[in-house]
Structure formats: C-alpha cells, structure tokens
Amino acid sequence: MTVTPQPEPADTDPDAPRPGDALVRAGGIVFILGAVATLATMAPLFMDTEPFPSYAWAVCMLMGVGFAISAAGVLRSAAAQRRAARASQA
C-alpha cells in the first residue's frame, strides 16, 4: 500500500507556479515558432516559387529545441514532486 502525501497549506493554491512550468511554457513557444517557420519554409515548395536559403531551414530546428526544453521542464517538475513525496514520508 502506498501513502499519498498530503499537500502542505502553501501547495493548495492551484495558480502557484511549480518547478518546471516556465520551461514547459517557453518550450511550447519555441516549438510553435519552429512550426510556423517550417510552414513558411515549405510553402514555396508547393507554390513553384524560389525556395528559401538554407539558414531558413535551420530555423525549422526550433521545433526540436522547443520539444527538448519542454521535456526538461517536465523532468524538473517530476523531480520536484518526487522530492516533495520523499520529504513528506520522512
């Protein structure tokens, strides 16, 4: 049987920022910028116009960077929850 940790009075505020929230939000923004850049870069290929230079294709890599930033935020949040659970058991 596992013991569910009871929240501290400060933890009951649902609007309080938690560890990793800022990284997830920033990663989402970077990912969206990369997705828009990908759409803009791919559009000339379908419209029979001159394709963008290679540095524009490099901007598309922001999708992967944003995903990595968000994943780091999720891992940070999980680690903080794990530490809180261990602290409440001790």
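Me: Is Val 65 buried, partly exposed or exposed in this model?
Reply: The structure is a predicted model, and Val 65 has a relative accessibility of 41%. Buried requires under 20% and exposed over 50%, with partly exposed in between. Val 65 therefore counts as partly exposed.

Me: In which helix is the place of Val 65, and which residues form the nonpolar patch on the surface?
Reply: Val 65 has its place in helix H3. The patch has about 400 Å² of accessible area together. Its residues are Ile 29, Leu 33, Val 59, Leu 62 and Val 65.

Me: Which helices each supply at least two residues of the nonpolar patch?
Reply: Helix H1 covers residues 21–46, and the patch includes Ile 29 and Leu 33. Helix H3 covers residues 62–89, and Leu 62 and Val 65 are also among the patch residues. The helices that each supply at least two are H1 and H3.

Me: Is Ser 70 buried or exposed?
Reply: Ser 70 lies in helix H3. Its relative accessible area is 17%, and the limit for a buried residue is under 20%. Ser 70 is therefore buried.

Me: Which residue has its backbone oxygen 3.4 Å from a polar atom of the side chain of Ser 70?
Reply: Not counting residues up to four places away in sequence, Ser 70 touches Leu 23, Val 24, Gly 27 and Gly 28. One of these contributes the backbone oxygen at 3.4 Å from the polar side-chain atom of Ser 70. That residue is Val 24.

Me: What is the phi of Asp 48, and where is the place of this residue?
Reply: Most residues other than glycine have a negative phi. Asp 48 has a positive value, and it is exposed, with a relative accessible area of 75%. Asp 48 belongs to the loop between H1 and H2, and its phi is near 55°.

Me: How do the elements of the chain run from the N terminus on?
Reply: The chain contains three helices and zero strands. Of the contacts with a separation of 6 or more, 73% join residues 24 or more positions apart. From the N terminus on, the order of elements is α-α-α.

Me: In which helix is confidence highest?
Reply: The mean pLDDT of the chain is 86, with 84% of its residues at 70 or more. Where pLDDT is low, the predicted coordinates should not be read in detail. Confidence is lowest in helix H2 (residues 54–59), at a mean of 87, while the highest value, 93, belongs to helix H1.

Definitions and conventions: Residues are numbered from 1 along each chain as its sequence is written. This is a predicted model: local features need pLDDT of at least 70, side-chain atom pairs count only at pLDDT 80 or more; totals for chains, interfaces and linings use all residues. Side-chain values use heavy atoms; hydrogens and water are left out. pLDDT is the predictor's confidence in each residue, from 0 to 100. Helices (H or I, at least four residues) and strands (E, at least two) are DSSP runs, numbered from the N terminus. Buried means under 20% relative accessible area, exposed over 50%, partly exposed in between (1.4 Å probe, protein chains only). A polar contact is a pair of N or O atoms within 3.5 Å; within protein, one must be able to donate a hydrogen and the other to accept it, and residues adjacent in sequence count only if both atoms are side-chain atoms. Contact means heavy atoms within 4.5 Å. Patches are made of residues with over 30% relative accessible area and no salt bridge: like charges are joined within 9 Å, nonpolar side chains (Val, Leu, Ile, Met, Phe, Trp, Tyr) within 5 Å. Accessible areas come from the Shrake-Rupley method with a 1.4 Å probe; for residues, only the protein chains shown count as cover. A salt bridge is a side-chain nitrogen of Lys or Arg within 4 Å of a carboxyl oxygen of Asp or Glu.
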